[in-house]
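Please look at the sequence and the model before reading on.

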Amino acid sequence: IQFTETIKMFSLQFFVLAVCATSIHSQMKPVEVPPKGWNSYDSFLGNVDESAYLGNCQNMKAKLGKAYEYCVIDYYWYINFTGGPTWIDEWGRPIPAADKWPSSASSKGFKAVADKVHAMGLKFGFHVMRGISESAVKANTPIKGTNYHAKDAALTTEACPWSKTWYAVNTSSPAGQAFYASLVEQYAEWDTDFIKNDCVFGSDFLPNDIKTYSEHFQKSGRQFVYSLSPGSTSRGSNGAERGEAEQINHYVNMYRVTDDDWDSWGGGHLEAHFRVGEVMGNLSGTAGLNGKSFTDMDMLPFGNLSAHHSPERRLWGNDASQPKVPEGHKYDFRPTQLTKPEQQTQMTMWAMVNSPFFMGGDLRHVDDWTVNLLTNSDIMEIDNTCKNRRTLNVGGPNSTTVGWVCDGEQHKYVAFFNKANWPVELVIDAQKIFGSKGCNLWDVWGGSHCGEGSCARYTDRHGVLLVRVEGC
């Protein structure tokens, strides 16, 4: 277990920090549209370092535009490249591992990294696990500002099922409340904007921890975007997660309703999301923490992804399964296995559910086709403004076509998805759908006028015909 040197905090420092946090908070706008950004997991798993992270942030700013604003570090930022226990400070709170995050040396935490991200005009975020670490409990570290210790707060019988070195916190105890308050204080000191909280939702549901975190975010004087993970694709499909989402959506801004989504059509990945979207999607846009909350269909596994993970090879299951980066910190990547039509299907589906967009691939080597996919203006209008999404009956119960329609702020949109394993001619008849004549239809992904009244296109296997409807 590694501890940082004791940091003496004077009252003047507390005063300055509070003034700065309040100033930042007053300048930030409520969360009104699905958050967008980049997350390190799909391309680096738990091994992103400071240089690779900042390089991705820079490229997100340069290539994806102002809509993509959150640059998020995923898990294991508190563990060395060579493995080992969680780095913690004297109060039992996780801190960045110095071999991955050299600017964190001398107890600076993530403040220097956050400053660099903010200087780019972006917002800084990172992943946290449920509750309190095994490292803190073993050391029985004191809880800042109290006479309590880690063992007073931890519920060691409620370990995360897939990462057993993290425990739930007893939120009904003063010790548990004080520990969460100290975590949020730390995040505010680092000028954090976004927290992804893992192993608290879906099958791992901890509603009291979610509520407690949210309440301390509100008390902090700083606006946080609060994201939950993971969900369960099967539970999202059968409606089991809907009740859980309705319990907590007003405390958060994003809540995952699927398992980890990787770059595969089958195997519980992209194809399985149609049903999840139909069951869960219309919860997006309801009241949330300092704004709205949104159904999160998971990251977008496009571009260059980690070669240490694939849809057929799931590595997580316990902390020992984390692959180590070779000497010299050289990362291995592979291209996404999704075809271009499948990627267009994924973007369209996510947008019509008003899901957040978080690119998972390495943006330092992203190609123009993927940039255009992520920044398409119609997709942005759909994701940010489309309401009243409904499913169309296309071809009966055994049809391989799924039809969705929604009403954007400027236009109406219709999507026919081809779930067949072969190309199919899809025909969208606007008069039948909207009951009016004189509609002009534009093929969004084809980038061309498609017809008046109707639009017919041969669509590749697993592809989508997405049309913008004008004039009716």
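This is a predicted model: local features need pLDDT of at least 70, side-chain atom pairs count only at pLDDT 80 or more; totals for chains, interfaces and linings use all residues.

A pair of aromatic rings is described by the distance of the centres and the angle of the planes. The structure holds 35 aromatic pairs. One of them joins tyrosine 75 and tyrosine 76, with 4.0 Å from centre to centre and 20° between the planes. Planes under 30 degrees apart count as stacked, so this pair is a stacked one. Phenylalanine 217 and phenylalanine 224 form a pair with ring centres 4.6 Å apart; their planes stand at 35°, and the pair is therefore tilted.

Phenylalanine 217 is buried at 1% relative accessibility, and phenylalanine 224 is buried with a relative accessible area of 1%.

Rings also meet charged groups. Phenylalanine 81 has the charged end of lysine 100 over its ring, 5.5 Å from the ring centre. In tryptophan 404, the ring lies under the charged end of arginine 389, at 4.7 Å from the centre.

Helix α12 covers residues 340-352 and helix α13 covers residues 368-375; their axes are 10 Å apart and the packing angle is about 20°. Angles under 35 degrees count as roughly parallel, and α12 and α13 are therefore roughly parallel to each other. The crossing of α12 past α13 is right-handed. On the α12 side, Lys340, Gln343, Gln344 and Met347 make the contact, and they meet Trp369, Leu373 and Leu374 of α13.

Methods. Residues are numbered from 1 along each chain as its sequence is written. Side-chain values use heavy atoms; hydrogens and water are left out. Rings of Phe, Tyr and Trp (its six-membered ring) pair if their centres lie within 6.5 Å; planes under 30 degrees apart count as stacked, over 60 as edge-to-face and the rest as tilted. Buried means under 20% relative accessible area, exposed over 50%, partly exposed in between (1.4 Å probe, protein chains only). A charge sits over a ring if NZ of Lys or CZ of Arg is within 6 Å of the ring centre and within 35 degrees of the ring normal. Axes are lines fitted to C-alpha atoms, for helices over the stretch in contact, and angles run from 0 to 180 degrees between N-to-C directions. Helices (H or I, at least four residues) and strands (E, at least two) are DSSP runs, numbered from the N terminus. Angles under 35 degrees count as roughly parallel, over 145 as roughly antiparallel, 65 to 115 as roughly perpendicular and the rest as oblique. A crossing is left-handed if the near helix is turned anticlockwise from the far one by less than a right angle, and right-handed if clockwise. Contact means heavy atoms within 4.5 Å.
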